[in-house]
Amino acid sequence: MKLILTQEVAGLGSPGDVVEVKDGYGRNFLVPRGYAMSWTKGGEKQVATIKRARDARNMRDLGQAQEIKRDLEKMSVTLPARAGAGGRLFGSVTAADVVAAVQKAGGPMLDRRRLQLAGGIKSLGRHEVPVVLHPEVTATIPLEVVEA
């Protein structure tokens, strides 16, 4: 199935990209959630419009992303979590938990989908959490997970 992405989809592409996906994935996930629309010849014109808007937005957002990166890397984010013996957490720290902790520490509002947490954080201690702010800018949030 050939689709045009209307939003960024991790591992697939960004808005305006024409992608080929399995029928079920497109029909049951991407299209109903508004992440993509069916590809047509008329849609090609919309792709050009979406890409132009994205390029203009990226140029404007690059400076802002670099400012946010500087702010995030200077921050000290502490997140209390319940832990057992040996520093192993009951459950794990998720991207939503990290976003809430950053906001509580006085940082900017982040999109949890931009955080690069592979499987979550499962132990106490200091962790580095990468966050993609812009295709060219990746910040690292210093996170200290302490026992609650």
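## The lining of the largest pocket

The residues that line the largest pocket of this predicted model comprise 14 nonpolar, six polar and seven charged residues. In this division, Ala, Val, Leu, Ile, Met, Phe, Trp, Tyr, Cys and Pro count as nonpolar, Asp, Glu, Lys and Arg as charged, and the others, Gly among them, as polar. The lining consists of 27 residues, and E8, D111, R114, V132 and L133 lie nearest the centre of the pocket. A pocket is found on a 1 Å grid over the protein atoms alone, as an open set of points with protein on both sides within 12 Å along at least five of seven lines; its lining residues have an atom within 4 Å of a point.

The volume of the largest pocket is about 1,000 Å³, where volume is the space filled by probe spheres set on the points, and grid points are joined across faces, edges and corners. Helix α2 provides seven residues, the largest share of the lining. Both α2 and β7 supply at least two residues each. Helices (H or I, at least four residues) and strands (E, at least two) are DSSP runs, numbered from the N terminus.

## Confidence and conventions

The chain has an average pLDDT of 87, and 96% of its residues score at least 70; pLDDT is the predictor's confidence in each residue, from 0 to 100. Confidence is highest in helix α1 (residues 23-30), with a mean of 95, and lowest in helix α2 (residues 41-74), with a mean of 79. Where pLDDT is low, the predicted coordinates should not be read in detail.

Residues are numbered from 1 along each chain as its sequence is written, and side-chain values use heavy atoms, with hydrogens and water left out. In this predicted model, local features need pLDDT of at least 70 and side-chain atom pairs count only at pLDDT 80 or more, whereas totals for chains, interfaces and linings use all residues.

L3 is found in strand β1 and is buried, with a relative accessible area of 0%. Buried means under 20% relative accessible area, exposed over 50%, and partly exposed in between (1.4 Å probe, protein chains only). Leaving aside neighbours within four places in sequence, the contacts of L3 include V19, L30, M37 and W39; contact means heavy atoms within 4.5 Å. L3 and M37 are 34 residues apart along the chain, yet their C-alpha atoms are separated by 5.7 Å.

V19, in strand β2, counts as buried because its relative accessibility is 10%. Beyond four places in sequence, V19 touches M1, K2, L3, L5 and L12. The side chain of H127 reaches the backbone oxygen of S123 at 3.0 Å. Beyond four places in sequence, H127 also touches I121, I141, P142, L143 and V145.

## Two residues in loops

Q7 lies in the loop between β1 (2-5) and β2 (18-20). Its relative accessible area is 35%, so Q7 is partly exposed. Apart from residues up to four places away in sequence, Q7 touches G13, S14, P15, G34 and Y35. The C-alpha atoms of Q7 and A36 are separated by 7.0 Å, although the two are 29 residues apart along the chain.

G119 is placed in the loop between α3 (95-104) and β6 (121-123). G119 counts as exposed because its relative accessibility is 55%. G119 and V93 are 26 residues apart in sequence, and their C-alpha atoms are 9.0 Å apart in space.

Notes:
Polar contact = N/O pair within 3.5 Å; in protein donor to acceptor, adjacent residues only side chain to side chain. 1 Å grid on protein atoms, 1.4 Å probe; cavity = no way out; pocket = protein on both sides within 12 Å on 5 of 7 lines; lining within 4 Å.
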